[in-house]
Amino acid sequence: MLHNLAVHMPNLLPSWHFFRPGGRLIWASVLLFAAIGVIRFLCTRPKPVEPATWAQAMLGAVVSFGLMILAYGTVPHEWLTFANGYLKWDTSHYLVQGRQVGKTYLLSNGHWFLPINVPLSAIKDAIAAGLYIVFLTVNMKLFVAWQKRPVAATVDASTEAKETSVGTSAYGRPMTAKV
């Protein structure tokens, strides 16, 4: 059951569209960047004077865990799947293939005589590592921006309505009213 869900995950792009092979990568990236934008907006709002409740803290933990799953799991995985499957960036294709006359991606006439081979899988993995570095940097900047939010102004107690005692209830408890 779970295997079928992973294999048949919807792409949500029309079949005629040229972006269709990278659809899940595109949707995961759009979702991640939209969530980062919402968090950046929330970082501009002042934090409340009273501390967060348990439910608010748990909601924040779940949201940040979900964003980390997207940033460190889903987007790099979909990039690697897209590069392996559609782009065919594996160890059999080379960006530079040394001491061999033939067509490579870098040089069309094959005049490359250095004894090095650079497979496209190395470029694919370097891009995936770059994604991790970028997401880690964004993650740290969001943490700092969230902690350094401005504090909301406190309400002065003298401007609030004062409570006065108006007697006792039928059970003997004191009753108050706002004046």
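**Helix packing and two local contacts in a predicted model**

Ala152 touches Pro46, Lys47, Pro48 and Val49, when residues up to four places away in sequence are not counted. In this predicted model, Ala152 sits in the loop between helix 4 and strand 3, the latter spanning residues 163-168. Although Ala152 and Pro46 are 106 residues apart along the chain, their C-alpha atoms are separated by 5.1 Å.

The chain averages a pLDDT of 83, and 79% of the residues score at least 70. Among the elements of the chain, the highest mean pLDDT, 96, belongs to helix 4, whereas helix 1 (residues 2-7) has the lowest, 54. Where pLDDT is low, the predicted coordinates should not be read in detail.

Helix 4 (residues 120-147) packs with helix 2 (residues 23-44) at an angle of about 25 degrees, their axes lying 9 Å apart. Because angles under 35 degrees count as roughly parallel, helix 2 and helix 4 are described in that way, and their crossing is left-handed. On the side of helix 2 the contact is made by Leu32, Phe33, Ile36, Ile39, Arg40, Leu42 and Cys43, and on the side of helix 4 by Phe135, Val138, Leu142, Ala145 and Trp146. By class, this contact of helix 2 with helix 4 comprises 11 nonpolar residues, no polar ones and 1 charged residue.

Helix 2 also meets helix 3 (residues 54-85), with axes that come within 9 Å and cross at roughly 155 degrees. Here the angle is over 145 degrees, so helix 2 and helix 3 are roughly antiparallel to each other; this crossing, too, is left-handed. Helix 2 contributes Arg24, Leu25, Ala28, Ser29, Leu31, Leu32, Ala35 and Ile39 to the contact, while helix 3 contributes Leu67, Leu70, Ala71, Thr74, Val75, Glu78, Trp79 and Phe82. The residues of the contact between helix 2 and helix 3 divide into 12 nonpolar, 2 polar and 2 charged. Leu32 and Ile39 of helix 2 take part in the contact with helix 4 and also in the contact with helix 3.

A residue of helix 4 that remains to be considered is Ser121. Ser121 is buried, because its relative accessible area of 10% falls under 20%. Leaving aside neighbours within four places in sequence, Ser121 is in contact with Trp89, Asp90 and Thr91.

Conventions: Residues are numbered from 1 along each chain as its sequence is written. This is a predicted model: local features need pLDDT of at least 70, side-chain atom pairs count only at pLDDT 80 or more; totals for chains, interfaces and linings use all residues. Side-chain values use heavy atoms; hydrogens and water are left out. Axes are lines fitted to C-alpha atoms, for helices over the stretch in contact, and angles run from 0 to 180 degrees between N-to-C directions. Helices (H or I, at least four residues) and strands (E, at least two) are DSSP runs, numbered from the N terminus. Angles under 35 degrees count as roughly parallel, over 145 as roughly antiparallel, 65 to 115 as roughly perpendicular and the rest as oblique. A crossing is left-handed if the near helix is turned anticlockwise from the far one by less than a right angle, and right-handed if clockwise. Contact means heavy atoms within 4.5 Å. Ala, Val, Leu, Ile, Met, Phe, Trp, Tyr, Cys and Pro count as nonpolar, Asp, Glu, Lys and Arg as charged, and the others, Gly among them, as polar. pLDDT is the predictor's confidence in each residue, from 0 to 100. Buried means under 20% relative accessible area, exposed over 50%, partly exposed in between (1.4 Å probe, protein chains only).
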